[in-house]
Amino acid sequence: MSALFNFHSFLTVVLLVICTCAFLKMQFPTILEQKTGFRGFFWKAARIGERLSPWVAVGCFTMGVSIIFF
């Protein structure tokens, strides 16, 4: 089933995008400089990952546990 139609998979994809963008921004800051357009979406995801990192970490941990056990 597609990740768009399954809410659990959709949340997993969103968390992975946020975590990946935050990591890329820390390693290669020039990649996500542009705040508008297509790359602007990834810049916003990286910003969410930076500012809400404790909540994103809890979400990733919870999602990992739910994937393993459920």
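Predicted model: local features only at pLDDT ≥ 70, side-chain atom pairs only at ≥ 80, totals over all residues.

Author: Here is a conversation about the labels used for this structure and the values behind them.

Reader: Let's look at H2, then. How does its reach compare with the span expected of a helix?

Author: Helix H2 covers residues 38–51, which is 14 residues. From first C-alpha to last it reaches 21 Å, close to the 20 Å expected at 1.5 Å a residue.

Reader: What makes glycine 40 count as buried or exposed?

Author: The cut-off for buried is under 20% relative accessible area. Glycine 40 has 2%, so it is buried. Glycine 40 sits in helix H2, and the buried residues of that helix also include Trp43, Ala45, Ala46 and Gly49. Those buried residues pack against helix H1 (7–27) and helix H3 (53–69).

Reader: And which residues does glycine 40 touch, leaving aside its neighbours within four places in sequence?

Author: With those neighbours set aside, glycine 40 is in contact with Gln34 and Lys35. Valine 58, by comparison, is 18 residues away in sequence and 25 Å away in space, C-alpha to C-alpha.

Reader: Why are lysine 25 and glutamate 50 called a salt bridge?

Author: A salt bridge needs a side-chain nitrogen of Lys or Arg within 4 Å of a carboxyl oxygen of Asp or Glu. The closest N and O atoms of lysine 25 and glutamate 50 are 3.9 Å apart, so the pair qualifies. The pair links distant parts of the chain, with lysine 25 in helix H1 and glutamate 50 in helix H2, 25 residues apart.

Reader: Are these two partners buried or partly exposed?

Author: One of each! Lysine 25 has 15% relative accessibility and therefore counts as buried, while glutamate 50, at 32%, is partly exposed.

Reader: What makes the link between glutamate 50 and arginine 47 a salt bridge?

Author: The same cut-off of 4 Å applies, and here the closest N and O atoms are 3.8 Å apart, so this pair passes too. Glutamate 50 and arginine 47 are three residues apart in helix H2, which means about one helical turn separates them. Arginine 47 is partly exposed, at 26% relative accessibility. The whole structure holds two salt bridges, and Lys25, Arg47 and Glu50 are linked in a network of them.

Reader: Last one: which residues make up the largest nonpolar core?

Author: There are eight: Leu15, Ile18, Cys21, Leu32, Ala45, Ala46, Val56 and Met63. H1, H2 and H3 each give two or more residues to this core, and H1 provides the largest share, with three. As for cysteine 21, its contacts beyond four places in sequence are Leu32, Phe42, Ala45 and Ala46.

Technical notes: Residues numbered from 1 in each chain as written. Heavy atoms only, no water. Helix = DSSP H or I, 4+ residues; strand = E, 2+ residues; numbered from the N terminus. Expected span 1.5 Å × (residues − 1). Buried < 20%, exposed > 50% of the residue type's maximum accessible area, 1.4 Å probe, protein only. Contact = heavy atoms within 4.5 Å. Core = buried A, V, L, I, M, F, W, Y, C linked by side-chain atoms within 4.5 Å.
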